[in-house]
Amino acid sequence: MTASTLATPRLPPVASVALAAWLGLVLLAAATGFFAGLPFPGAQVIILGLAVATIVSGLTVPGLRAWIDGLPLRALIGINVFRILGFVFLAYAARGQLAQVFADRAGWGDIAVGALALVLVAAGAPRTALHRGLTYAWNALGTLDLVTAVVTATFVGIRGLTPGVQALLTLPLVLIPAFLVPIYFATHVFIFRRLVSGNVR
């Protein structure tokens, strides 16, 4: 195996700039109170739009699609390891700053998905039928976890529960729904595509 085989492809410069601009705009919007001031369901619409834009870009922009296809599948799965930090939601709920129902579903769901992602990464590329099946199952679970979190946050907003999910619209937690969640949604789509195509290296 050569060094070039092991090398991770570089993210296209335009995509790097777009990613940095996206992060900068999220920080600016949060600092100015833009997200917190949005009427319901403004935040959910923005998150959905960002997720769709990320997925469409990754599937249709040639340079970005080639970069994603060139990544080891374990890298796409490994990004989700950071979801173990879902315990932060539980900590906020324990302090009365976040709806308990949201923290329980999103927090424990993220912890499970992140921990299982770590196991899959350690297990290597899914080259056997069993390993691929487990990866499919994990990917479905990870997608369901994100959908559950968004639906639960919407439910909390509709019911007007106190505490609600306002903490998710201010720093530092706003980085999760406005930046990380769209990326996680996209990685699940890309992982499904890679598994279906047989590109599991």
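Guide: Gladly! Let us start with pLDDT, the predictor's confidence in each residue, from 0 to 100. The mean pLDDT of this chain is 94, and 96% of its residues reach 70 or more. This is a predicted model, in which local features need pLDDT of at least 70, side-chain atom pairs count only at pLDDT 80 or more, and totals for chains, interfaces and linings use all residues. Residues are numbered from 1 along each chain as its sequence is written, and side-chain values use heavy atoms, with hydrogens and water left out.

Visitor: Where does pLDDT stay under 50?

Guide: Over residues 1-6, for which the model has 1 contact (heavy atoms within 4.5 Å) beyond four places in sequence.

Visitor: Why are α3 and α4 called roughly perpendicular to each other?

Guide: That name covers angles of 65 to 115 degrees, while under 35 is roughly parallel, over 145 roughly antiparallel and the rest oblique. Helix α3 (residues 42-60) and helix α4 (residues 62-70) pack at about 85°, so they count as roughly perpendicular.

Visitor: Which residues of α3 and α4 meet?

Guide: Ser57, Gly58, Leu59 and Thr60 in α3 meet Pro62, Leu64, Arg65 and Ile68 in α4.

Visitor: What makes the lining of the largest cavity nonpolar?

Guide: Ala, Val, Leu, Ile, Met, Phe, Trp, Tyr, Cys and Pro count as nonpolar, Asp, Glu, Lys and Arg as charged, and the others, Gly among them, as polar. The lining consists of Phe35, Ala43, Ile47, Leu168, Leu169, Val174, Pro177 and Ala178. By class, that gives 8 nonpolar, no polar and no charged residues.

Note on methods. Axes are lines fitted to C-alpha atoms, for helices over the stretch in contact, and angles run from 0 to 180 degrees between N-to-C directions. Helices (H or I, at least four residues) and strands (E, at least two) are DSSP runs, numbered from the N terminus. On a 1 Å grid over the protein atoms alone, a cavity is a set of points where a 1.4 Å probe fits but cannot get out, and a pocket is an open set with protein on both sides within 12 Å along at least five of seven lines; lining residues have an atom within 4 Å of a point.
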